Amino acid sequence: MNKYSTITLIATIIIIIPFAYSGLNIIGANQLEYKWSGSEEFSFFAMSNNGDLEFCNTMPFPTSFEKFQIVTFYDAKNIGMYEIMSTTVESQSSIIKKGNFSTEEFQSTQHMFMTLDYEFDGGAIRVDPNKFIVLVNIQTPIAGIIPYSHTSQITGFELDQTMKNQKLSCD
């Protein structure tokens with residue numbers, strides 16, 4: 001192999017590695033499992049007072065993300081966002097991270113969350129739970145500079161069930 005071929009091969013490898021790592025990171029971030037962590041069972045009211053999430057990385061390589069967001073909407077109006085900033089989860093292990101909840105109308109959001117918690121736990125229906133939509137967004141940049149995010153839309157009831165999951169694959 002001549003000198004130029006060697007240099008070209010090394011340069012190609014140097015260029016490919018960050019993109020391959022980012023690709024694996026995107027796959028890992030999309031496969032992360034999560035649930036509410038703590039002494040009390042999950043409730044949207046508890047989420048509005050911040051709290052901890054447990055992340056489980058089932059992949060055979062470490063996975064990191066820049067932001068994990070749970071954005072809540074009722075009747076197409078944003079009522080609050082729970083957010084966890086930059087985190088790395090080692091391969092086939094779990095980690096507990098504290099999140100922060102923010103909203104412009106804290107008291108009315110907490111009241112709405114208490115009502116929805118009551119309904120999801122089998123209580124009388126006071127507000128339409130079908131109007132409660134949640135976006136789960138995971139942001140992880142490609143090669144550290146190109147923004148990439150994966151967003152999934154689920155119902156509030158589906159998030160409630162996910163957060164109350166007692167068993168993750170890492171347990």
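1. The buried residues of helix α1 pack against strands β3 (63-74) and β6 (132-139). They are S22, N25, I26, G28 and A29. Buried stands for under 20% relative accessible area, exposed for over 50%, and partly exposed for what falls in between, with a 1.4 Å probe and protein chains only. Packing and touching rest on contact, that is, heavy atoms within 4.5 Å. Helices (H or I, at least four residues) and strands (E, at least two) are DSSP runs numbered from the N terminus.

2. This is a predicted model, in which local features need pLDDT of at least 70 and side-chain atom pairs count only at pLDDT 80 or more, while totals for chains, interfaces and linings use all residues. Residues are numbered from 1 along each chain as its sequence is written, and side-chain values use heavy atoms, with hydrogens and water left out.

3. Helix α1 covers residues 3-31, 29 residues in number. From its first C-alpha to its last it reaches 42 Å, close to the 42 Å expected at 1.5 Å a residue; the expected span is 1.5 Å times one less than the number of residues. The helix has a kink of about 25° at I16, shortly before the proline P18. The bend at a residue is the angle between axes fitted to the seven residues ending there and the seven starting there. At the start of α1, the backbone nitrogen of Y4 has a side-chain oxygen of N2 within 3.1 Å.

4. The strands form an open sheet of seven, in the order β1-β2-β5-β4-β3-β6-β7, with antiparallel pairing. Its edge strands, β1 and β7 (149-155), each pair on one side only. From one strand to the next the twist averages 25°. Two strands pair if DSSP finds at least two bridges between them. Axes are lines fitted to C-alpha atoms, for helices over the stretch in contact, and angles run from 0 to 180 degrees between N-to-C directions.

5. Helix α4 (residues 156-163) packs on this sheet and touches β1, β2, β3, β6 and β7. Its direction makes about 105° with that of β7. Between β3 and β6, the strands against which α1 packs, there are eight bridges in the antiparallel sense. K67 stands opposite Q139 in β6.

6. Strand β2 (residues 51-57) has six of its seven residues buried, so it is largely enclosed by the rest of the structure. On one pairing, five bridges join β2 to strand β1 (residues 33-37), and the two run antiparallel; here C56 of β2 is the bridge partner of E33. On another, β2 pairs with strand β5 (residues 93-102) over seven bridges, also in the antiparallel sense. L53 stands opposite K97 in β5.

7. Helix α3 (residues 106-120) has 15 residues, which at 1.5 Å a residue should span 21 Å; its end C-alpha atoms are 21 Å apart, so the two agree. Among its buried residues are Q110, F113, D117 and E119. The buried residues of α3 pack against α2, β3, β4, β5, β6 and α4. After the helix comes G122, with a positive phi near 100°.

8. S48 lies in helix α2 (residues 44-48) and is buried, at a relative accessible area of 2%. Its side chain makes a polar contact of 3.2 Å with that of Q110. A polar contact is a pair of N or O atoms within 3.5 Å; within protein, one must be able to donate a hydrogen and the other to accept it, and residues adjacent in sequence count only if both atoms are side-chain atoms. Neighbours within four places in sequence aside, S48 is in contact with F101, F106, Q110 and F113.

9. T140, in the loop between β6 and β7, is buried with a relative accessible area of 3%. Its side chain makes a polar contact of 2.8 Å with the side chain of N25. A polar atom of the T140 side chain also lies 3.4 Å from the backbone oxygen of S64. Residues up to four places away not counted, T140 touches I26, A29 and Y148, among others.

10. A76, in the loop between β3 and β4 (77-89), has a positive phi of about 70° although it is not a glycine; A76 counts as exposed, at 74% relative accessibility. Q92, in the loop between β4 and β5, is likewise not a glycine and has a positive phi near 45°. Q92 counts as exposed at 56% relative accessibility.
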